[in-house]
Amino acid sequence: MTGTTAAPATRRETGADRRAARVPALLVVPAALGIAVLALPLLALLLRLDWSAVPAAVTSPAAVQALSLSLASAGIATACCLILGIPLALVIARAGRRTAAVLRALVTLPLVLPPLVGGIALLALLGRTGLFGESLALLGVRVPFTTAAVVIAQVFVALPFLVITVEGSLRSVGTRFEAVGAGLGASPLTVFRRITLPLVGPGVLAGTVLCFARALGEFGATALFAGNTAGVTRTMPLAIYTAFNGAGVSEDTAIALSLMLVVVAIAVLLVMRGWREDAPR
Amino acid sequence: MTGGEASGALVAEVASARGGFRLEVAVRVERGELLAVLGPNGSGKSTLLATLAGLIAPTEGVVRLGDRELARRAPGVPATIDLPVAQRSVGLLGQEPLLFRHLSVIENVAFGPRAQGRGTSTARLDAMTWLERVGAADLARRRPAELSGGQQQRVAIARTLAARPELLLLDEPFAALDVPTAAAMRRLIGELCAETATPTILVTHDPLDAIVLAQRAAILHDGRIAQLGPVAEVLGHPATPFVAALAGVNLATGVATGSGGVEITGADGARLLLVPAEQHAGVPAVGAPASAVFSPAAVHVAPLADTGVAASGALVPNRWIGTVSLLQPAPGGVRLTTDEHPGFAVDLPGATAVALELRPGARLAFTVAAAEVSVRASG
């Protein structure tokens with residue numbers, strides 16, 4: 001097996017290893033419960049669905065409007081996250097230990113914060129009486145309760161996912177290849193463009209997918225900061241909420257719209273898988 | 001960025017610090033010259049290369065390459081000159097090829113020319129020429145992951161040289177290769193260095209690299225150059241036990257005697273007088289510290305009875321009576337050491353060892369051939 005050359009430092013895992021390292025029977029029960037907790041609600045959703053009502057619900061102008069707003073705002077938010085997040089991830093990954101710890105804590109905060117708090121915080125900054133809001137109002141710019149507010153709220157909650165994923169990827173790639181590039185005469189920007197970025201490509205892709213999915217599902221911060229105006233700020237999650245609570249509208253519409261979001265999310269995951277398998281390892 | 005062929009000599013007089021370690025060296029490598037740097041682990045070899053490449057800043061000193069100053073710093077003040085790595089035109093090749101895995105072989109080699117502003121097609125032509133020179137032209141379209149370790153290192157050499165470095169730094173480039181591959185790579189490096197006349201520093205732990213490739217060798221020890229000179233001189237008369245072990249010779253340190261020899265005191269006051277057959281210039285003054293060098297194979301071993309020497313205290317030049325302490329296999333025979341002079345290895349052909357009925361504890365007479373002894377002042 002090992003041949004005459006020096007054995008590699010870490011032996012590859014074989015089928016025999018997996019056979020020997022069996023999962024203890026006692027742990028199988030909580031594992032099964034875990035998957036049930038995740039999968040059963042979605043299954044119940046499908047079972048509750050009145051399939052005959054689905055076509056009408058998802059093709060209704062309100063649903064189409066909400067879905068296009070969601071896809072567009074989440075797409076723009078993801079693009080913003082890429083533009084801001086990759087440089088931020090690079091700065092954190094290359095910073096000294098203490099600076100990195102502080103920056104990473106700041107980045108992680110929106111991740112663990114309830115999105116509603118994020119919405120209030122955004123209002124405190126950009127609201128009519130907010131920190132910047134008053135000056136912006138003098139310039140004639142109003143941010144809250146616009147489509148821009150939707151995008152800002154989505155960036156606020158989704159950016160951490162991208163930064164954390166890309167930063168981890170940068171750390172595992174290390175700086176040795178960048179040093180080689182510099183030694184060959186490449187400027188820092190050339191090194192970033194031609195070495196760093198391609199090497200962390202899979203991480204950027206994974207981060208982008210997480211970021212987009214989080215932006216698509218964003219509800220709390222959007223509701224507070226952007227409101228719920230059809231065609232302007234009513235994204236899919238808000239449309240579902242409205243349908244669910246709305247007078248005269250049946251729960252079926254909410255369920256059908258939820259199904260659409262589930263389908264979009266699954267599609268995004270499948271696309272990512274396809275790309276990752278092509279990606280050079 | 002200047003991109004020309006090697007333009008001049010490297011002159012470095014620098015101190016640098018990494019962790020608690022301090023390096024202080026002065027080296028000069030001429031155009032067309034290859035200097036081998038040898039030294040034990042932690043002696044500062046990598047710190048030296050990192051300082052020259054610009055990966056760490058010197059704490060003081062000057063690094064000059066031809067008419068360019070790469071770094072200049074006076075003690076206690078910020079560096080007045082500290083060129084970024086990318087602007088130094090210094091090629092560094094280590095033990096690992098570190099090929100860019102997302103690029104094909106030819107794109108890897110073309111990276112340097114392209115980064116230095118040459119057009120895509122010119123850079124590719126350039127890269128192809130270098131791949132041909134290292135004998136890897138047929139691998140051009142492959143991905144690094146598809147190559148063997150030796151092939152990857154060939155491509156890495158092509159990539160380093162395609163960037164037209166004015167100084168080449170090689171950090172144990174053969175260490176990860178198997179013996180025949182390392183031999184082929186050694187030949188290739190020798191040819192390419194001779195062709196391009198790039199001043200080159202080769203860090204190695206293998207004296208063979210120094211013998212085959214280098215004109216001069218420097219021995220680093222604790223961040224300082226312990227010895228610097230022509231390879232034959234350094235390996236032939238090592239100044240430190242490290243180099244002696246590396247060169248496979250016995251190094252004896254003692255006091256110079258009137259006969260031009262060196263008197264050595266071994267374990268438990270055992271004495272040995274080593275006298276060379278020929279005197280070199282620069283005989284150490286009597287009583288001064290001196291060292292003698294002889295090869296483990298230059299020792300004749302005989303039973304006490306044959307030599308007619310009683311185990312008396314009389315000091316016969318180049319001879320000691322010893323008790324075998326340790327026997328080890330050696331290529332073609334046996335290597336032994338004695339209680340009296342544990343630092344000296346003695347090599348015997350297998351047949352001789354059998355005839356002598358060697359075993360630990362045996363008392364034998366050891367005679368060093370005077371023609372094989374060389375003596376120098378030490379310190």
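**Close-up views of a predicted two-chain model**

**View 1. Crossing of helix 4 and helix 8 in chain A.** Helix 4 of chain A and helix 8 of chain A form a right-handed crossing in this predicted model. Two packed helices are described by the angle between their axes and the distance between the axes. Here the axis of helix 4 (residues 61-94) of chain A and that of helix 8 (residues 147-173) of chain A come within 6 Å, with a crossing angle of roughly 40°. Helix 4 of chain A is therefore oblique to helix 8 of chain A. Sorted by class, the residues in the contact between helix 4 and helix 8 of chain A are 22 nonpolar, four polar and two charged.

**View 2. Contact between chain A and chain B.** Chain A contributes 16 residues to the contact and chain B contributes 19 residues. On the side of chain A that touches chain B, helix 9 (176-183) and helix 10 (188-199) of chain A each provide at least two residues. Helix 9 of chain A gives the most to that side, with six residues. The side of chain A that touches chain B comprises ten nonpolar, five polar and one charged residues. For the model, ipTM is 0.77 and pTM is 0.78.

**View 3. Confidence along chain B.** Chain B has a mean pLDDT of 88, and 95% of its residues reach 70 or more. Within chain B, confidence is highest in helix 2 (residues 105-115), at 96, and lowest in helix 9 (residues 304-307), at a mean of 72. Over residues 1-6 of chain B, pLDDT stays under 50, and the model has 16 contacts beyond four places in sequence for these residues. Where pLDDT is low, the predicted coordinates should not be read in detail.

Technical notes. Residues are numbered from 1 along each chain as its sequence is written. Chains are lettered from A and ligands numbered from 1 in the order in which they are written. This is a predicted model: local features need pLDDT of at least 70, side-chain atom pairs count only at pLDDT 80 or more; totals for chains, interfaces and linings use all residues. Two residues are in contact if their C-beta atoms, placed from the backbone, lie within 7 Å. Helices (H or I, at least four residues) and strands (E, at least two) are DSSP runs, numbered from the N terminus. Ala, Val, Leu, Ile, Met, Phe, Trp, Tyr, Cys and Pro count as nonpolar, Asp, Glu, Lys and Arg as charged, and the others, Gly among them, as polar. Axes are lines fitted to C-alpha atoms, for helices over the stretch in contact, and angles run from 0 to 180 degrees between N-to-C directions. Angles under 35 degrees count as roughly parallel, over 145 as roughly antiparallel, 65 to 115 as roughly perpendicular and the rest as oblique. A crossing is left-handed if the near helix is turned anticlockwise from the far one by less than a right angle, and right-handed if clockwise. pLDDT is the predictor's confidence in each residue, from 0 to 100.
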